[in-house]
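Biologist: I have a chain to look through and some questions about it. Can you put it up?
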Amino acid sequence: MEMEPVRSARGRWARAWDPVAADSVAAWAKAAAWARARVKDRAVAWVRVVAWVRVVVWAKAAAWAAVRAVAWDSAPRSPPTARPTDENTVGPHMKLAIASGKGGTGKTTVATNLASTIAGRGRTVAYVDCDTEAPNGHLFLHPRIEDTVAVERRVPQIDPDLCQHCGACAELCRFNAVLCLPARTVIYDELCHSCGGCTLVCPEGAIREVSRPMGQVSRGTAGPVRFVSGTLDVGVANSPPVVRAAKRAAPEAEWTILDAPPGTSCPMIETVRDCDYLVLVTEPTPFGLHDLRLAIAVARSLGRPCGVVVNRARPEAGEARTLCAEEGVPLLAEIPEDIAIARAYARGRLAVECVDGLPALFENLYRTLETACGAPAACGPKGRQ
Ligand code: SF4
Ligand code: SF4
């Protein structure tokens, strides 16, 4: 066998050791060189393909951007919106609810004085009186009412000629508003929540819905404050529809202040359930503090951030402060017990207009709320702060 010339030290060593193995090494080296060349060719080809794809994508992006730029230049411009005069803006629409677990704590005092204070800072403010069973915000804001609309609800009415007294409607109604007797079926409007369920289940088509008046919503202006008030008709027990109507009637404003009904039942929940921040007004009495705990529990169950304002506060009565610390809820302000505030209330006047120290107190409250509304998570549900 004719020997190939030996070119490397490894080859010379292999040939010295075994000529056959040296041939094998040479063949493997040749194959490896061929494979390297193939890989290199492939890599060069792929680099070229990727480069071309990038060029095409960039060209398309540039063309799209040019078209957008032309469209932007030729689009009509809306006039710039007026900016608030104050630089500490927290947002264009802030919805505050002023509530309490108990009646008579001073919700309306806080809500009306706060509305007046914020409006005095050049902000647009809408005050909405959602205490539809006893609205009294108008006694302090003295609005000029511009329009009043009726609030109606749909209640079922039974056609006695069609009704077969099968009892399906009474069985369905969760509010016990239907009484089905062997010879007569009766609907009690006062208990009906207008869910429409009985109309759907009646197999005879004997039920149709009719409108019944249940209240009014009035709108107007009280100086710079936009005013809305809902009023439930006497004898009507179901106020949430009127609360909803009042909230819907609220005009656009930077700050909307919802003056909630007392307690922690449906009307209060309907008022506060979509607010951005819940201000809970309390008084330092056993009843006030007990119901404050209930109101805090409602705020937590609704996932609303909340803070507390203590009305008629006395320096020696620190129970409210202790309760706030225990519950992990911020104490926003303490309105002192002052005969001058009671006099202003009795005369239907805003305390910020005629009681020394109150303008500064409500200004501070407004600033605190501005900060709190900007960082609502700081007073969120207990255990998740
Ligand atoms: S479901 Fe219709 S038919 Fe049956 S009791 Fe009610 S109204 Fe009468
Ligand atoms: S509409 Fe609803 S609440 Fe009213 S009677 Fe019918 S089922 Fe009951």
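Biologist: Which residues come nearest to ligand 2?
Modeller: This is a predicted model. In it, Cys173, Ala177, Cys192, Cys195 and Cys198 come nearest to ligand 2, out of 14 residues around that ligand.

Biologist: And how does that shell divide by class?
Modeller: The shell around ligand 2 has ten nonpolar residues, four polar ones and no charged ones.

Biologist: What about ligand 1, which residues are closest there?
Modeller: Cys163, Cys166, Ala168, Cys169 and Cys202 are the closest, and 14 residues surround ligand 1. By class, the shell of ligand 1 has nine nonpolar, four polar and one charged residue.

Biologist: Switching to the whole chain. How many helices and strands are there?
Modeller: The chain has 13 helices and eleven strands. It has 385 residues, and 36% of them are buried.

Biologist: What share of the contacts join residues at least 24 apart?
Modeller: That share is 72%, taken among contacts between residues at least 6 apart in sequence.

Biologist: Now the largest nonpolar core. Which residues touch the most other members?
Modeller: Leu96, Ile98 and Ile257 do, in a core of 74 residues. Leaving out residues up to four places away in sequence, Ile98 touches Lys107, Val110, Ala111, Ile257, Leu258, Asp259, Ala260, Val279 and Val281. Another core, of ten residues, lies apart from the largest one, and its members include Ile158, Ala177, Cys198 and Ala206.

Biologist: Next, S2. How many of its residues are buried?
Modeller: Five of the five residues in strand S2 (residues 125–129) are buried. Val125, Tyr127 and Asp129 point one way from the strand, while Ala126 and Val128 point the other way.

Biologist: Which strands does S2 join, and do they run parallel or antiparallel?
Modeller: S2 is joined to strand S7 (residues 225–232) by five bridges, and the two run parallel. Five bridges also join S2 to strand S8 (residues 255–259), again parallel. On the S7 side, Ala126 stands opposite Arg226. On the S8 side, Val125 stands opposite Trp255.

Biologist: And S10, what is it bridged to?
Modeller: Strand S10 (residues 306–313) has four bridges to strand S11 (residues 331–336), and these strands run parallel. Val309 has Ala333 as its bridge partner in S11. From S10 the chain crosses through helix H10 (residues 319–327) to S11, in a right-handed β-α-β crossover.

Biologist: Why does Arg312 count as buried?
Modeller: Because 20 other C-beta atoms lie within 10 Å of it, and 20 or more is the cut-off for buried.

Biologist: Where is Ser194, and what is its phi?
Modeller: Ser194 lies in the loop between strand S5 (184–187) and helix H6 (197–201). Its phi is near 55 degrees, a positive value in a residue other than glycine. Ser194 is partly exposed, with 18 other C-beta atoms within 10 Å.

Biologist: Last one, His138. Is it buried or exposed?
Modeller: His138 counts as buried, because it has 20 C-beta neighbours inside 10 Å. His138 lies in helix H4 (residues 138–141).

Biologist: What does His138 touch?
Modeller: Pro143 and Ser229, not counting residues up to four places away in sequence. His138 and Val228 are 9.2 Å apart in space, C-alpha to C-alpha, and 90 residues apart in sequence.

Note on methods:
Residues numbered from 1 in each chain as written. Chains lettered and ligands numbered in written order. Predicted model: local features only at pLDDT ≥ 70, side-chain atom pairs only at ≥ 80, totals over all residues. Near = placed C-beta within 6 Å. Nonpolar A, V, L, I, M, F, W, Y, C, P; charged D, E, K, R; others polar. Buried ≥ 20, exposed ≤ 12 C-beta atoms within 10 Å, placed from the backbone. Contact = placed C-beta atoms within 7 Å. Pairing = 2+ DSSP bridges. Right-handed = clockwise from strand over helix to strand, strands pointing away. Core = buried A, V, L, I, M, F, W, Y, C linked by C-beta atoms within 7 Å.
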